[in-house]
Structures are given as structure tokens and as C-alpha cells.
Amino acid sequence: MKAIKILFSFFGICICFVIAASAQKTIQIQGDERLFIGKSMEYFVDSTQHLGIHDVMNKTFTACQTDILNLGNTPYTVWMRFSVASKKEKELFLEINAPLLSKLEVYQIDSDSLKLLFNGGFLKPFRERPIFSENWLCDMHLEEGITSSIYVKGQSIFPFQVPIVVSSKIKFVEDSQLHDLFWGIYMGVMLFAFIYNFFIYLSVKERSYLYYLLYIIFTVGFYLGLEGFGFQFFWPDAPGFNPLFPILISLGNCAITLFTLRFLRINKDQKVLFYWGWTSNIIFILIAILNVAGVYEMALGLSQLFSLLVCIFYITAAIVSLRRGVTTAKYFLIGWSAFLGLVILFILTLNNVVPSNFYTTHGIFIGHMTEVLLLSF
């Protein structure tokens, strides 16, 4: 009886694999390539949150229309699948460049087997990953003449934006060097700005420089967490902090608002701007409390909205101060105008209004570097 059950399970997997493979466009790896496979994959939203790999094989999947799957804020589990084959490269990397996935499972189905390639998420310690990387990496071993079907199960309390890449190992190393170079430049600029302003603060003891130093610390911490570097290098044994790190952007907004009020000489004589700034700080403190309380989705949505509104406050304050004769306000105005545009682009990307690509997902970091350097000058 047991042998019959095993036989039926085997045939069930084979039939489902044939159906899935015929419905999808097979990704053919020709050599040293690195391919975003969004348009070659399908996805299924599991609103029940309980379906396993055998349950979803015969479900109706939706074709992805973009290079990067972006479903915005969704509380549900999402299954993704695609087929891949290669004549030259037998060992490939599957890159899932979404470090904020709270749950992740990856399965590989060949003609006669079902393998679990990965089971984890950012709620598990970093050391449990088979490959130490800020993103998720899985080894895929392909057999000659065999098309493999890959199923990826993911869930996130953050916007569900999941770039999936199939890459030869040589090409992965080449692209990783460029990625690390970008982040090396970013961290170098932030370190320079911090040291520069720190020594000025020691010299003049002006409180606005202290607020600015706190702003740099909090925002850099937030961006490192957003990209997975924070978990990798700063709190690898504290995965419980991963859902909480967005409080850093709330604290960063509080610090830069205090800096703005002092730097642009805004006091109670400018009642609207003065109370606008302090009200914003109270709101961000409440958002941070929501995040600590575990109301992640509401806290994230409010954080995005008020981060956008407070940028408008900074620009308005700079214009008013410039008209009042505060000459340094022009640097503030230029820096925050550029940053505001890129923040809007980033938020629109997170909410699936603008297509995801390198420039829309990294523009906010470029804008941050520009704004920090201009304000330092």
C-alpha cells in the first residue's frame, strides 16, 4: 500500500511538472549570463497562507509582465515559478534580491525529483544561510537536456518587490563587484560627511551639527537595513530587530527636522513652520511606537506618507528662510529638492506605480549622498 502511494505521488509530481513547463517560457542559459527573469515567470497569491508546494502546482498562475515582480504592500504569501535549462552552465546561482522577505522557500523540480533548495527568511539568524550574502543565494545544479522548474515561496511585511535573477557564477562575481563598488562609494561619502561635521561640532559646539550627525547615523542605519547589509554586518544574531529597523527612519526624520528648525532659524515668529515641524516630530515618534508594537504595515504606510510630506516642509522652510535673508538656505533648498524628487520616485516604485529598475530603486541613495554633501558644504 505504501509503495502504491509513493508511485502515485511520483506520477503526480511528474504530471504537474509537465503542465507547468508547458505553460511557461523556458529560460535558456547560453553561457556567462545574468538574467532578470520576471517576464519569464508566473506568480500566484496564496490568500489562505497555508498552501504547500504540492497544493500550488495545479493552481492557475498569472504571468508577470515586468522584469521585476512588484506587488506593492500585500499581506499574503506569494508563489513564483519559472523553468530553466542550460547546455553549457551546469551550476548556476539563483539570486533573490529581496533581503526583507520574512519567509522564503525555494524548490527545484527535475524530471524525477523534488528538492528543497532553501528554507529561511530574515526572522532566522544570518549564520543559518548556506551562502553569506545580503541577498538570498541558492545553488542550482542543472542536468544536461533536462528542464528544471523552480518554485519560490515568499512573504514580506514590507512592499513585495522581488527581483529574481538567474546567473552564471562568473557573471555573478562580476556584477557583485559593481554592486559593492556603489555601496563602497555611498558609505565613503557618508563617513566623510560624518567625520567632517563631527569635527566642526567639536570646534563650535553648535547644536545643529549634533542633530545632523544623528540624522546621518539613523538614515544610514535605515538604508543598510533596507539593503540587507545591516543584518549581515551589524545585527546578524538578532533577527528580531529586522521588522523594527524602520524606526530608524522615523528617528532620522526627527533629527533632520530639529536641524532644519535651527539651521534655517525658524522660531515661534514663523508660527506655521515652527509648529508644522514639531507636529511632524510627534507623528514620527508615534509611528516608531506603532512599529515597536508590531503594527508593521500601518507603521510602514504612515512612514512613507509622512516622509514625503515632511520633505515638502523642508523645501517650504528653505524657501521662506531664503526670502528672509538666510543665505545658506539655498544649499538646503537644492539638496532637498533633488532628494524629494528621488524619494517620490522610490515610494512610487515601492507601490508599483513606476517600474522597478536599478535607477528607480537606487535613486534614493544617490539623492541622499547629494543632499548630505550639499548640506555639509
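The chain has 10 helices and 13 strands; helices (H or I, at least four residues) and strands (E, at least two) are DSSP runs, numbered from the N terminus. This is a predicted model, in which local features need pLDDT of at least 70 and side-chain atom pairs count only at pLDDT 80 or more, while totals for chains, interfaces and linings use all residues. Residues are numbered from 1 along each chain as its sequence is written, and side-chain values use heavy atoms, with hydrogens and water left out.

Along its principal axes, the C-alpha trace spans about 85 × 40 × 35 Å. Of the 377 residues, 51% count as buried, where buried means under 20% relative accessible area, exposed over 50%, and partly exposed in between, with a 1.4 Å probe and protein chains only. Among contacts with a separation of 6 or more, 76% are between residues 24 or more positions apart; contact means heavy atoms within 4.5 Å.

Now the helix pairs. Helix α3, residues 169–204, and helix α10, residues 358–376, have axes that come within 10 Å and cross at roughly 20°. Axes here are lines fitted to C-alpha atoms, for helices over the stretch in contact, and angles run from 0 to 180 degrees between N-to-C directions. That makes α3 roughly parallel to α10; angles under 35 degrees count as roughly parallel, over 145 as roughly antiparallel, 65 to 115 as roughly perpendicular and the rest as oblique. The crossing of α3 and α10 is left-handed, that is, the near helix is turned anticlockwise from the far one by less than a right angle. Residues in the contact include F182, W183 and Y186 of α3 and F365, M369 and L373 of α10. By class, this contact has 15 nonpolar, five polar and no charged residues. For the classes, Ala, Val, Leu, Ile, Met, Phe, Trp, Tyr, Cys and Pro count as nonpolar, Asp, Glu, Lys and Arg as charged, and the others, Gly among them, as polar.

The second pair is α6, residues 247–263, and α7, residues 271–292, which pack at about 165° with axes 8 Å apart. That makes α6 roughly antiparallel to α7. Their crossing is left-handed. Among the contact residues are N253 and T257 of α6 and F284 of α7. The count is 12 nonpolar, six polar and no charged residues.

Leaving out residues up to four places away in sequence, V310 touches N253, T257, S280 and F284. The largest nonpolar core has 89 residues, and M80, F82, L94 and W336 have the most contacts inside it. A nonpolar core is a set of buried Ala, Val, Leu, Ile, Met, Phe, Trp, Tyr and Cys residues joined through side-chain atoms within 4.5 Å.

Last, the backbone. Q49 has a positive phi of about 70° although it is not a glycine, and lies in the loop between β3 (42–46) and α2 (53–56). K205 has a positive phi of about 55° and is exposed, at 56% relative accessible area.
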